[in-house]
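Let us take a walk through a protein together, one stop after another. Have the sequence and the 3D view ready, and look up each residue as we reach it.

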Amino acid sequence: MNVWGGRANPGRSFAMENLDQLQDDLLSQVEEADLAALEELRVSALGKSGTITEMVKGIGQLSPEDRREAGQKLNTVKKGVAEAIDARKAVLEAAALDASLADDRVDLTLPVRPESQGRIHPISQTIDEMVAIFCEMGFTVAEGPHIESDFNNFTALNIPPEHPARQDHDTFYLPADENGERKVLRTHTSPVQIRTMITEKPPIRIVVPGRTFRADHDATHSPMFHQIEGLVIDEETHMGHLKGCLIEFCRAFFDVDDLPVRFRPSYFPFTEPSAEVDIGCSREGGGLTIGRSENSSAEDWLEILGCGMVNPHVLKNCGIDSTKYQGFAFGLGIERAAMLKYGIPDLRTFYDSDIRWLSHYGFDRLEVPNVAEGLVR
Ligand code: DAH
């Protein structure tokens with residue numbers, strides 16, 4: 001048995017007829033085929049064990065006279081079928097492309113989509129603005145967990161268990177764990193000072209924006225609020241650096257070049273000496289304006305942050321040599337700064353998730369603040 005029709009030595013005309021028939025059949029199938037059928041056809045005719053391929057293999061079995069003619073004819077058939085398949089394939093592919101171009105057409109005359117609806121929350125915007133200013137000064141951003149150990153939140157910051165400052169913090173305590181340890185929801189961002197000083201070597205220059213928690217709720221206090229902490233530790237850092245850094249920050253953040261800034265002595269267990277920083281404002285005519293007023297007699301002050309030189313006890317608690325290193329720290333409330341800068345009257349509205357409030361006080365998502373192009377555009 002062979003592919004040439006079962007005859008070891010078929011008559012010439014029979015072999016040629018067979019081939020003509022085969023060619024006609026294949027060509028008409030090609031004309032009918034879609035892309036998938038075309039590929040099947042190619043495999044079944046020209047593939048490794050396709051009809052034509054098998055016939056080529058079987059040529060040796062023909063009589064020497066037939067062999068030449070059949071070989072030539074077979075080549076013509078093979079070429080013709082291959083070309084027909086390629087041509088049909090090109091036509092089908094072009095048609096498919098045209099169809100998908102027609103389907104996917106972009107209608108440039110359509111009106112633009114509605115204005116973007118998402119807004120950046122003023123808290124996020126304020127954090128971004130503050131971080132942009134401090135990063136310009138060479139600070140990097142550090143973060144810490146909301147659930148803190150008592151050691152990081154209090155003890156290492158020079159607030160031992162019996163210290164009265166603990167009472168001021170209205171702390172949320174978690175249930176004691178199996179070792180009797182009671183974790184806390186951090187009451188300030190200051191524990192990240194501790195985490196950083198324990199794990200990193202000076203020089204340190206970080207700001208820490210983040211959430212903080214105190215059991216306190218009224219028009220000016222929320223149980224969850226935000227702070228940004230700053231810490232600088234180096235060999236020759238002094239009060240002049242602290243003042244320069246914070247004056248510069250206040251003027252950049254409130255965008256008032258000659259903003260009056262004053263340092264008032266204060267007390268924090270983790271700094272010595274400590275100060276509170278006030279900025280000049282005016283309450284003329286019932287409103288509030290940050291900065292110098294036209295009529296300078298109406299000058300008033302607003303407290304905005306706490307700061308001081310890091311207490312050597314705190315450095316020691318973190319294993320830093322306090323005879324070699326010193327530095328300064330500061331902390332401020334994000335909500336209060338945002339309210340002052342953007343004239344937001346009620347703290348509670350920050351967390352109401354009221355879309356009307358957000359579209360009024362929020363920021364466009366593409367207006368990413370940076371010092372070079374202006375913090376707010
Ligand atoms: N942690 C203080 C608070 O929550 C704020 C503060 C004051 C942070 C002075 C500091 C600082 O780093 O030096 O009230």
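**Starting at a serine**

Leaving aside residues up to four places away in sequence, Ser222 touches Arg214, Asp216, His217, Leu347 and Tyr351, where contact means heavy atoms within 4.5 Å. You will find Ser222 in the loop between β5 (204–213) and β6 (224–234). Helices (H or I, at least four residues) and strands (E, at least two) are DSSP runs, numbered from the N terminus. Ser222 counts as buried because its relative accessibility is 9%; buried means under 20% relative accessible area, exposed means over 50%, and partly exposed lies in between (1.4 Å probe, protein chains only). Now look from Ser222 to Ser359: they are 137 residues apart along the chain, and their C-alpha atoms are separated by 22 Å.

Before going on, a word about what you are looking at. This is a predicted model, in which local features need pLDDT of at least 70 and side-chain atom pairs count only at pLDDT 80 or more, while totals for chains, interfaces and linings use all residues. Residues are numbered from 1 along each chain as its sequence is written, and side-chain values use heavy atoms, with hydrogens and water left out.

The rings of Phe, Tyr and Trp (its six-membered ring) pair if their centres lie within 6.5 Å; planes under 30 degrees apart count as stacked, over 60 as edge-to-face and the rest as tilted. By this rule there are 12 aromatic pairs. In one of them, Phe253 and Phe254 sit edge-to-face, with 4.8 Å from centre to centre and 80° between the planes. Phe253 is buried, at a relative accessible area of 1%, and Phe254 is buried too, at 9%. Another pair joins Phe350 and Tyr351: their ring centres are 6.1 Å apart and their planes meet at 45°, so this pair is tilted. Here Phe350 is buried at 3% relative accessibility, whereas Tyr351 is partly exposed at 27%. Which residues form one aromatic cluster? They are Phe134, Phe139, Phe249, Phe253, Phe254, Phe328 and Phe330.

Next, let us turn to helices that pack together. Two packed helices are described by the angle between their axes and the distance between the axes. Axes are lines fitted to C-alpha atoms, for helices over the stretch in contact, and angles run from 0 to 180 degrees between N-to-C directions. Helix α3 (residues 51–58) packs against helix α4 (residues 64–103) at an angle of about 160°, with the axes 11 Å apart. The two helices are therefore roughly antiparallel to each other, since angles over 145 degrees count as roughly antiparallel, under 35 as roughly parallel, 65 to 115 as roughly perpendicular and the rest as oblique. On the α3 side, Ile52, Met55 and Val56 meet Leu74, Val77, Lys78 and Val81 of α4. By class, this contact has 6 nonpolar, no polar and 1 charged residues. Nonpolar covers Ala, Val, Leu, Ile, Met, Phe, Trp, Tyr, Cys and Pro, charged covers Asp, Glu, Lys and Arg, and the others, Gly among them, count as polar.

Helix α4 also packs with helix α2 (residues 35–46), at an angle of about 165° and with axes 10 Å apart. That makes α2 roughly antiparallel to α4. From α2, Leu35, Leu38, Arg42 and Leu46 take part, and they meet α4 residues including Lys78, Val81 and Ala82. This contact has 7 nonpolar, no polar and 5 charged residues.

Our last stops are along the backbone. Pro202 and Pro203 are joined by a cis peptide bond, with omega about 0°, and Pro203 lies in the loop between α8 (191–199) and β5. The bond from Glu272 to Pro273 is cis as well, with omega near -5°; Pro273 belongs to strand β8 (residues 271–282). Asn158 is not a glycine, yet its phi is positive, about 70°. Asn158 is partly exposed, with a relative accessible area of 22%. Asp255 also has a positive phi, near 60°. Is Asp255 buried or exposed? Asp255 is exposed, at 65%, in the loop between α9 (239–254) and β7 (261–268).
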